[in-house]
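Here are a few exercises to work through with the model open in your viewer. Try each one yourself before you read the solution.

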Amino acid sequence: MTKEVLVKISGLQFAGEAENEPVEVITTGDYYKRNGKHYILYDEIIEGFPEPTRNIIKLDEGMLDITKKGTTNVHMMFEKNRKNVTYYYTPYGSLLIGIDAKKVEVQEDEHKIDVKVDYALEVNYEHMADCSITMNIMSKDGGEFRI
């Protein structure tokens with residue numbers, strides 16, 4: 001995998017009968033591997049705020065770790081069959097969120113990494129939604145994303 005990567009992240013929430021529109025981000029980032037763990041770094045611009053949010057994704061077998069620093073601040077851990085609780089700090093206040101991951105799959109080859117996470121999301125100890133995150137990290141010169 002090259003240092004420069006393309007990052008595609010799709011998220012979906014299944015909450016009641018409302019229509020579920022996926023949220024998708026496609027951006028460039030930096031990749032490196034240290035001590036057997038994959039690291040992906042990219043900046044995210046949030047509309048209406050001048051400061052970017054720095055995203056650090058750490059992948060290990062059966063684990064996804066996301067840290068956001070900037071306009072929003074959070075450290076989220078997705079570990080299969082383990083519930084993690086953290087505060088999500090936004091410009092509008094903080095939320096206590098719980099993440100109960102049901103599935104964390106990481107598949108890699110020479111030019112790409114695919115991640116699939118299914119989890120239950122709680123806010124202030126109340127179940128809000130069942131969610132899914134799909135990530136595709138690919139060498140910038142490695143071809144096209146799968147849709």
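**Exercise 1.** Work out how many aromatic pairs this predicted model has, and classify the pair formed by phenylalanine 49 and tyrosine 92.

*Solution.* Start with the cut-off: ring centres have to lie within 6.5 Å to pair. By this rule you get 4 aromatic pairs. Now take phenylalanine 49 and tyrosine 92: their ring centres sit 6.2 Å apart, with the planes at 75°. Planes over 60 degrees apart count as edge-to-face, so that's the label for this pair.

Phenylalanine 49 is in the loop between β3 (37-44) and β4 (53-60), while tyrosine 92 is in the loop between β7 (83-90) and β8 (93-108). The pair therefore ties together parts that are 43 residues apart in sequence.

**Exercise 2.** Decide whether phenylalanine 49 and tyrosine 92 are buried, partly exposed or exposed.

*Solution.* You need two thresholds here: buried is under 20% relative accessible area and exposed is over 50%, with partly exposed in between. Phenylalanine 49 comes out at 26%, so it counts as partly exposed. Tyrosine 92 has 71%, so it is exposed.

**Exercise 3.** Trace the pairing of β2 with β1 and with β3.

*Solution.* Take β1 (residues 4-14) to begin with: 8 bridges join it to β2, and the two run antiparallel. Here valine 7 stands opposite threonine 27 in β2.

Now turn to the other partner. β2 (residues 23-34) is joined to β3 by 5 bridges, again antiparallel. Aspartate 30 has leucine 41 in β3 as its bridge partner, and tyrosine 31 stands opposite isoleucine 40. Finally, check the turn: β2 and β3 make a hairpin with 2 residues between them, and asparagine 35 in that turn has a positive phi of about 50°.

**Exercise 4.** Describe the largest pocket by volume and lining.

*Solution.* The volume is about 800 Å³. Count the lining and you get 30 residues, with Lys68, Met76, Tyr88, Tyr119 and Ile133 nearest the centre. Sorted by class, the lining splits into 20 nonpolar, 6 polar and 4 charged residues. β1 gives the largest share, 5 residues.

Conventions. Residues are numbered from 1 along each chain as its sequence is written. This is a predicted model: local features need pLDDT of at least 70, side-chain atom pairs count only at pLDDT 80 or more; totals for chains, interfaces and linings use all residues. Side-chain values use heavy atoms; hydrogens and water are left out. Rings of Phe, Tyr and Trp (its six-membered ring) pair if their centres lie within 6.5 Å; planes under 30 degrees apart count as stacked, over 60 as edge-to-face and the rest as tilted. Helices (H or I, at least four residues) and strands (E, at least two) are DSSP runs, numbered from the N terminus. Buried means under 20% relative accessible area, exposed over 50%, partly exposed in between (1.4 Å probe, protein chains only). Two strands pair if DSSP finds at least two bridges between them. On a 1 Å grid over the protein atoms alone, a cavity is a set of points where a 1.4 Å probe fits but cannot get out, and a pocket is an open set with protein on both sides within 12 Å along at least five of seven lines; lining residues have an atom within 4 Å of a point. Grid points are joined across faces, edges and corners, and a volume is the space filled by probe spheres set on the points. Ala, Val, Leu, Ile, Met, Phe, Trp, Tyr, Cys and Pro count as nonpolar, Asp, Glu, Lys and Arg as charged, and the others, Gly among them, as polar.
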